[in-house]
Amino acid sequence: MRLRRILPVLAFGAVGVALGVAAVLALKEATLSTHHRVDPKTTAVVTLDARSKGAERGRSLGDMVETLLLACRLEVARTEMEGPVRELGSGRYEATFRPMLDETNQRQLRGCLEDWSIDHILIDVVSIRSA
Amino acid sequence: MKIIAWLAGIATLVTALAYLVVSLNRWEWNRALFFGLIVLIAEVGLATALILRKLGQLAARPPIDAEIAGILRDSRPAEADRFAWMREAPNQMSVFITFLVGGGVILSGVAWIVDRLASKTTTPTGEARLAAQLAPISYPSGGLLVPDATVLAQEVPGDDDTRLGRLLRGTGR
């Protein structure tokens, strides 16, 4: 009688533990850095939408986007920004990186840009494509 | 109202946890930290609420009716007094003494039986067999004293042997 009451609890507990372990393993796999060599002549073009709210007076959206791009470039990979950040209008910007970023670096750059790294600016990465 | 508060707390916890995992998966560390903080706050809030609810339930429990409690106490079966025999009773012989004396008598009887059985194991035939077995290690028939002939034969060749002299006379020369 007592076993019949305990068994469902044990079953739920086992399922919960299994799900938790699976989730942690999946997260570990997703956040694991796996880099590979890229051709130094290749480039990556990052297109993003930016918007700001409550920014400091005299601080332009372009300045903030450029600052964020530089900061994330330093954080993510050994790559250089080729040329200035280009404003395409309606809050859309474009920047070119040399060399191309591998898959993990692309994810890291996207995460860094869309993260809450700098106050008063929010960025959506539209695309990262090789050029 | 309480249900709404509980639901809000649980929803906050679950949503923040989901966003935490999503942020980690997207490499958005600042967002992950923020949502982790929300998870922690919601968790502490819910745990505190659970403890307070439990304390409230304890306080709200109706008092026990003393009359009913007394009836229940009186209806308990009497506890078995397993060591009553050890108490000192001046007018009656303690059962412990009885056991002690009885045990002594039984042990004495067993010892007497063992003694009788052991005495029956020694028979004349057995004694003769034992004597035959002990013969090889018995003393020599003339005793351990050196015979006179040996004493008179002191001045013979080889008498200067110290070890032989010690063997024959007990002193080496």
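Reply: The model is predicted. Chain A is assigned two domains, domain 1 (1–32) and domain 2 (44–130), and 40 Å separate their centres, taken over C-alpha atoms. Chain B has seven helices and zero strands. Of its 173 residues, 9% count as buried.

Now to the rings. Over all chains, the structure holds five aromatic pairs. One of them is formed by A:Trp116 and B:Phe34, with 5.3 Å centre to centre and 75° between the planes. This pair is edge-to-face, because the angle is over 60 degrees. It crosses between chains: A:Trp116 sits in the loop between helix H3 (103–114) and strand S4 (121–130) of chain A, while B:Phe34 belongs to helix H2 (residues 29–59) of chain B.

A:Trp116 has a relative accessibility of 35% and therefore counts as partly exposed. B:Phe34 is also partly exposed, with a relative accessible area of 39%.

A:Trp116 also pairs with B:Phe35; here the ring centres are 5.9 Å apart and the planes stand at 50°, so this pair is tilted. It too joins two chains, because A:Trp116 lies in the loop between H3 and S4 of chain A and B:Phe35 in helix H2 of chain B. B:Phe35 has a relative accessible area of 13%, which means that it is buried, the cut-off being under 20%.

Taken together, ring pairs link A:Trp116, B:Tyr19, B:Phe34 and B:Phe35 into a cluster.

Technical notes:
Residues are numbered from 1 along each chain as its sequence is written. Chains are lettered from A and ligands numbered from 1 in the order in which they are written. This is a predicted model: local features need pLDDT of at least 70, side-chain atom pairs count only at pLDDT 80 or more; totals for chains, interfaces and linings use all residues. Side-chain values use heavy atoms; hydrogens and water are left out. Domain bounds come from an automatic or database domain assignment. Helices (H or I, at least four residues) and strands (E, at least two) are DSSP runs, numbered from the N terminus. Buried means under 20% relative accessible area, exposed over 50%, partly exposed in between (1.4 Å probe, protein chains only). Rings of Phe, Tyr and Trp (its six-membered ring) pair if their centres lie within 6.5 Å; planes under 30 degrees apart count as stacked, over 60 as edge-to-face and the rest as tilted.
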